[in-house]
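Subject: Handover of a structure and notes on its contents

Dear colleague,

Please find the structure below, together with its sequence. My notes on it follow.

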Amino acid sequence: MITNDDINFMQSAREEMLAGRKFEVELLIETPNSVDPDTGEPLEPQTDSKLVSAHVTENAGKQVEINDGILTKSVDIKVDISIEEWTPVTFFNYAQKKYKVIGTPRKGIGQRNRVEVLGELVH
């Protein structure tokens with residue numbers, strides 16, 4: 001059985017383990033389309049950004065497999081962002097490349113402490 005002391009230890013050990021292994025990731029936050037008050041035409045969405053520090057795992061290449069008739073493919077990048085820093089987005093930048101978010105499962109042992117952002121390379 002995992003106790004609260006175990007959970008606290010795992011949190012502190014995770015921070016110590018990831019020290020020096022985090023990189024800067026830019027979350028691209030799009031504001032909803034607004035409408036021009038005079039003409040009623042939709043305006044271009046505005047994009048703000050938020051820089052977060054995250055552990056990043058890049059995949060060497062796409063892998064596509066068929067298992068029992070189900071097509072699966074691996075992601076191009078996996079970014080672990082702490083739940084406190086996470087903001088839901090559709091796109092993010094890392095190492096001068098733009099990625100589309102295709103999944104955001106929450107992870108953690110004992111309690112959820114991070115979001116595993118799965119991304120597909122756009123350009």
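Which residue takes a positive phi in the hairpin of β8 and β9? Glycine 108 does, with a phi near 150 degrees, and the hairpin has six residues between the strands.

Please note that this is a predicted model, in which local features need pLDDT of at least 70 and side-chain atom pairs count only at pLDDT 80 or more, while totals for chains, interfaces and linings use all residues. Residues are numbered from 1 along each chain as its sequence is written, and side-chain values use heavy atoms, with hydrogens and water left out.

Strands here are DSSP runs of E with at least two residues, numbered from the N terminus. Strand β9 covers residues 114–121, and six of its eight residues are buried (buried means under 20% relative accessible area, exposed over 50%, partly exposed in between, with a 1.4 Å probe and protein chains only). Two strands are said to pair if DSSP finds at least two bridges between them.

Strand β5 (residues 77–82) runs antiparallel to β9 and is joined to β9 by six bridges; isoleucine 77 stands opposite glycine 119 of β9. Strand β7 (residues 97–103) is also paired with β9 in the antiparallel sense, over four bridges, and tyrosine 99 faces leucine 121 of β9. Strand β8 (residues 106–107) pairs with β9 in the antiparallel sense over two bridges, with arginine 106 opposite valine 115.

Aromatic rings

The whole structure contains two aromatic pairs. Rings of Phe, Tyr and Trp (its six-membered ring) pair if their centres lie within 6.5 Å; planes under 30 degrees apart count as stacked, over 60 as edge-to-face and the rest as tilted.

Phenylalanine 23 and tyrosine 94 have ring centres 6.3 Å apart and planes at 70 degrees, so this pair is edge-to-face. Because phenylalanine 23 lies in strand β1 (residues 23–30) and tyrosine 94 in strand β6 (residues 91–94), the pair ties together parts that are 71 residues apart in sequence. Phenylalanine 23 is partly exposed, at 42% relative accessible area, whereas tyrosine 94 is buried, at 11%.

Phenylalanine 92 and tyrosine 99 form a stacked pair, because their centres are 5.4 Å apart and their planes at 15 degrees. Phenylalanine 92 is buried, with a relative accessible area of 1%, and tyrosine 99 is buried at 3%.

Finally, lysine 98 lies over the face of phenylalanine 91, 4.6 Å from the ring centre (the criterion is NZ of Lys or CZ of Arg within 6 Å of the ring centre and within 35 degrees of the ring normal).

Yours sincerely
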